[in-house]
Each structure stands twice: as C-alpha cells, then as structure tokens.
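Please walk through this structure with me. The sequence and the model come first, then the explanation.

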Amino acid sequence: MRRLPGLDFLHARPGLAFALLAALLIALPFLVGSGLGNSWVRVLDFVLLYMLMAIGLNIVVGYAGLLDLGYIAFYALGAYVYAWLASPHFGLHLPFWVILPLGATFAGLFGVLLGTPVLRLRGDYLAIVTLGFGEIIRIFMNNLNAPFNLTNGPQGINLIDPVRIAGLSFAEPPRFLGLDLPPTYLYYYLFLAFTLLAIGVAMRLQDSRVGRAWAALREDEVAAAAMGINLRNTKLLAFAMGAVFGGVAGGLFAAFQGFISPESFSLWESILVLCMIVLGGMGNVAGALLGAALLTILPEALRYLGDLQRTVLGQVVVEPTDLRMLLFGVALVSMMLFRPTGLLSSRQHRREWAAEDGVAEQERASLYDSRA
Amino acid sequence: MSLLAVRGLRVAYGGIQAVRGIDLDIAQGELVCLIGPNGAGKSSTLRGLMGLVGHEGQVHFDGACLTGRATHEIATRGIALVPEGRGIFGRLTVAENLAMGAYSRRDHAAIRVDMAHVHALFPRLEERRDQLAGTLSGGEQQMLAIARALMGRPRLLLLDEPSMGLAPLMVRRIYETVTTVAREGVTILLVEQNAHLALRISQRAYVMESGSISLSGNSPELAMDTRIRAAYLGE
C-alpha cells in the first residue's frame, strides 16, 4: 500500500481505518440515496455487479494471462439459470440460495467446456476463439425459443423472482428501525457481501500454490511445464474459476432486474469488463475494483452533460450518449499514454516498467514496497 | 545400467523430420554433451525427451518408461530442463523464480537448504533476490535458469545451449558452475553448438548431424578427432 498524504493517522490505527471503511460502506446507499436519488443507488448496485465480474475476469486474464473476450457468456449463463429456476417461464420457483450455486456450477462447467478446445491457443488466437464463444452463447439465447422454448428468444424472460432470504422478499421493502429500505438498498447489501467474499477469495487465490502456477503459466508455458505444472488442469481451473464469478454475478443480476434478454449480454459488455481491469491495473484486485467503479459511474455521470448544455447553451449541442463514448475513448487512450500499467498497477507491473530507468531506481522502489 | 536410455527417438514437425531415430545412454553421475551444428536436431531431442513435442521411440529413465508422458509428469520424476533462451519468469522476482523450481516438492525444510545451496553457487542471485527476473542481465538470467532447475533436486539436468548470446567471460563462469554441479553428483546432458567448450568439460559426447548421431565417444578423444577438429573446432 502506498501512503496517502493526510491519512497517516489511519495507517497508525488499522482498526480505526477498518471501522471507518465499514461504516462508510454501510451508510453509502443512504448517503447516495438522499443526496442523488434512488437511481444512483441502482448505479451502485451495478458497480458491485461489475466488480464481481472484473474480479472474475482478472483471474483469467490478469493472473493466468489467458485473454478472454467472451467473458460475458458466463454472466449470461448464470442469469439464464436463475431465470429458468425462478420464474413463471417453467413454473419453477426455487429459493435463491439453491439456484445461485447451481448457476455458478453451470457457468464453471462451461468455463471448462470453453477451456478444453483452446488449451493449445495463446494470445490473438485465444482471443478470437473466446470472442466467438461469447457470441455463440448470446446467439443461442436469442434463438432457443424453438423447437423447445428454452430462452424465449429475443423477448427474454420476464417476472423473475426477486431474492427472498428468510421470508424477507427484496421486492416488498420492509421498514427497519424506522428507516425505509427500498429494494435497491437491500440488493446493495447483498451484492456488497458477495463482492467482499469475492475479494477475499481472489486475494487468497493469488497467493496460493495455484496462483503461483498461474503466474508461471502467464510468463512462460514451456518453463512452467518443466517445473512440474500441469498445464491443462491449471488453465482449465483458471477458466472455471473466472466463470464461477461471472455465473454468480449473472444470477444476482437476473434477480435484481427481474427481466433478462440476450441484449444484455453483447460483445460490448465483455469488452467493457476487460477495459475495467486494463484501466484499473491488470492482475491486481484493487485495480479491478477501481476500474469497475470508474467505468460504471462515469457514463452515468456524463448523462448530466445533456442538462448542463440545455441550461448553459439553451439546447443540446452534443448528445450525451455520443459524448460518453468519446470521453470513454479519450480516457482509455490517455491512460495508455500516461499510466500504461493501469491506475493501480500491481507491484510487479510497476517495477517491470520502471526497469528501463535503471536498476538502482528500481531497487529503491522495491525497498519502498517492502517497508510500506 | 544407465540412468537415461533412449532408443530410436524420432521427432517430426509436420512432415519435417528433426530427429531421425537416435540412441542415447547416460549413466548416473556422467556429464555428457550433445554437439552439432545449428539445425541438427539437438534442441528437438531435448524437447522430445521432455514430452514437449510429439515423438516416437523409447525413453527409459531410471527403469521407468517415459514415452508418451506429459511434461509435468516427466519433470516430477526428476528430469529438469533449462530451455533454450532460458525461459525465466520475467515478471516474477528472482526469489519467486527459484521457489517455482521447487513447485512439485513438499519438503519445505529441504527446499530451504537447497535455496541456501544455490545462493552459495550463485551469490549474485541472492543479491538480486527481490529484483524482477526480466531485469537481470543475460548471464544472470542463465544462472537463474540453472539455479531454478536445481531447486527441483533433479537427477538429470538437461541444459540447452547455456552459452548462447553470452559474453565469453560469462560463458566461462557458467561453465565453471556446470562443472561444479556435475561434481556434486547431478547427471547432466549438455546440448551445445560451442563444441570446443562442451568437449572440454564433458566425459562423453554425441555428435549430431541432420537429425542423426554421426559420432560418439569419449570427449578427450573426440576433441582430438580430425573430423571434429575440421568441422567444429575450425582447425
């Protein structure tokens, strides 16, 4: 961790820092809800869903170095499993805690299914095949309404059951300690719990034996195999682990939205999640979280540019949606120019780029890291 | 009884035969070199032995048949490869690279002993333990690749062109270390283009040309052989 100026007192008291962070996370929907309105709490919910996905994709791309451009397929599979088992579509209404593991397992199996044929592929070839896989899943969802109506085609599946935990339905908000808890608030806490769990799992994985095997695989496959690493299992495990995170996020998304259709799972979504981890800093969990937050919040915030133009100029000169894409592009390009390893780059990435400035410089950096 | 016995090893890429049925025997504790010109099939031989490419023929190691086994299984049985171009993990630190060498071992106390041992062999690596391996010089990277292979406590070490791309002084340092490692009892198969050096430190040698073994024998005798002198030693 780098020290933040002005926050030194927190470094001295980790307990206090933790308590402050916990309080902030608990109060966040109330702060945002009262300050900016309920629609922004909804944005917060999506931030958490994208964080889950970014953490998952980071395992595949950041840890193991396997470029996956079809990641959203696992999100779609998790969402459809939820919709099949908790909606009038098949008349099934299984509880949330039964479906979510099923959806995660199903997505994980598809991760292995994708991984098996691409075991020998790397780089560009792998990216193209995974891109195709993502599109195949979406097209299947779009067309599997005949001969047997599995997905209801482009219309999607509607009236998906909301999450219900211990008799508490997230659709019928309770009053709790005199406070109104709208569904978006309840989902915030649920998603927050899953995100925290995912962060814990991802960080443990990185430091584990399999995490080291992933790093070796990313660096040099031949040498990794010569160290006794089973390439096939290690790669499949990366795909499966990443897919499980996507599947969980997809299930939560289906319950939250109450409606899913293939439109939500386009190639653009895969690329967006990839941009999140590239922007934040490949291979590290904090970077994935930051990237997910930025790329979910910024487009929403830019919507206000339309109103701003109307007040200042009297008319909308540039459509905010067009502007969003433009600024998005500018942000990514300038990031590549000025911070090529991501906003929060991992220790190793940073040092790799610093190497050109000479070994002495870099050794100072490593000292700095070990002390902080 | 040889530690490694190879019979009729063939390696082909598509229709091109890189190794055309060769026999090799290496006894426990020997330092044997495989020399020959560029493109003779030396590296392909090592890749075949490690199961990195499809191959035909029999490979017996310590009495067990390795033919058709996966690379990681072969590595776990005690054969370590220092690949051509070194194959270090550039974005991991020196210490992490060395730890990866012991990946398939669980005897943590012995791993620490071996870590101290390779640090004694290569003091430079201890100085640079927290540095990213990709920022080391070529010679240091070669040292790291050899040290990492030793961390697996191999019974047979396969070295693929350790002198490649290194300054003469560094080549000498690397070769001194290879000799030390061999003296400590590790059996070594050394692949080299630099016949002069390889013949000087090895006990026996195989000469490979266009995928076949053309000559073999004791290294000191081969070093005096007129054909070798003419073809490889530039005399």
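How many salt bridges does the rule count over all chains? The count comes to 15, where a salt bridge is a side-chain nitrogen of Lys or Arg within 4 Å of a carboxyl oxygen of Asp or Glu. This is a predicted model: local features need pLDDT of at least 70, side-chain atom pairs count only at pLDDT 80 or more, and totals for chains, interfaces and linings use all residues. Residues are numbered from 1 along each chain as its sequence is written, chains are lettered from A and ligands numbered from 1 in the order in which they are written, and side-chain values use heavy atoms, with hydrogens and water left out.

One salt bridge joins B:D25 and B:R7, with the closest N and O atoms 3.0 Å apart. The pair links distant parts of the chain: B:D25 sits in strand 2 (residues 16–26) and B:R7 in strand 1 (residues 4–13) of chain B, 18 residues apart. Helices (H or I, at least four residues) and strands (E, at least two) are DSSP runs, numbered from the N terminus. Strand 1 and strand 2 of chain B also pair, in the antiparallel sense, over 8 bridges. Pairing requires that DSSP finds at least two bridges between two strands. B:V11 stands opposite B:V19 of strand 2 in chain B. The hairpin of these two strands has 2 residues between them, and there B:G14 takes a positive phi near 60°.

Next comes the open sheet of chain B. Its 6 strands have the order 6-7-8-3-9-10, with mixed pairing. Strand 6 (79–82) and strand 10 (212–218) of chain B are the edges, each pairing on one side only. Neighbouring strands are turned by 15° against each other on average, direction ignored. Axes here are lines fitted to C-alpha atoms, for helices over the stretch in contact, and angles run from 0 to 180 degrees between N-to-C directions.

Strand 6 and strand 7 (residues 156–160) of chain B pair in the parallel sense over 4 bridges. B:A80 stands opposite B:L157 of strand 7. Helix 6 (residues 138–150) of chain B packs on the sheet and touches strand 6 and strand 7 of chain B. The direction of helix 6 makes about 170° with that of strand 6 of chain B. Contact means heavy atoms within 4.5 Å. Helix 7 (residues 168–183) of chain B lies across strand 3 (31–35), strand 7 and strand 8 (187–192) of chain B. Helix 7 runs at about 155° to strand 8 of chain B.

Now the interface. The contact takes 27 residues from chain B and 26 residues from chain A. The two chains bury about 2500 Å² between them, 59% of it on carbon and sulfur atoms. Buried area is the accessible area (1.4 Å probe) that two parts lose on being put together, summed over both.

Chain A has its own backbone features. Most residues other than glycine have a negative phi, and most peptide bonds are trans. The peptide bond from A:A146 to A:P147 is cis, with omega near 0°. A:P147 is found in the loop between helix 6 (123–143) and strand 3 (164–165) of chain A. A:N152 is in the loop between helix 6 and strand 3 of chain A. Phi of A:N152 is near 60°, a positive value in a residue other than glycine.
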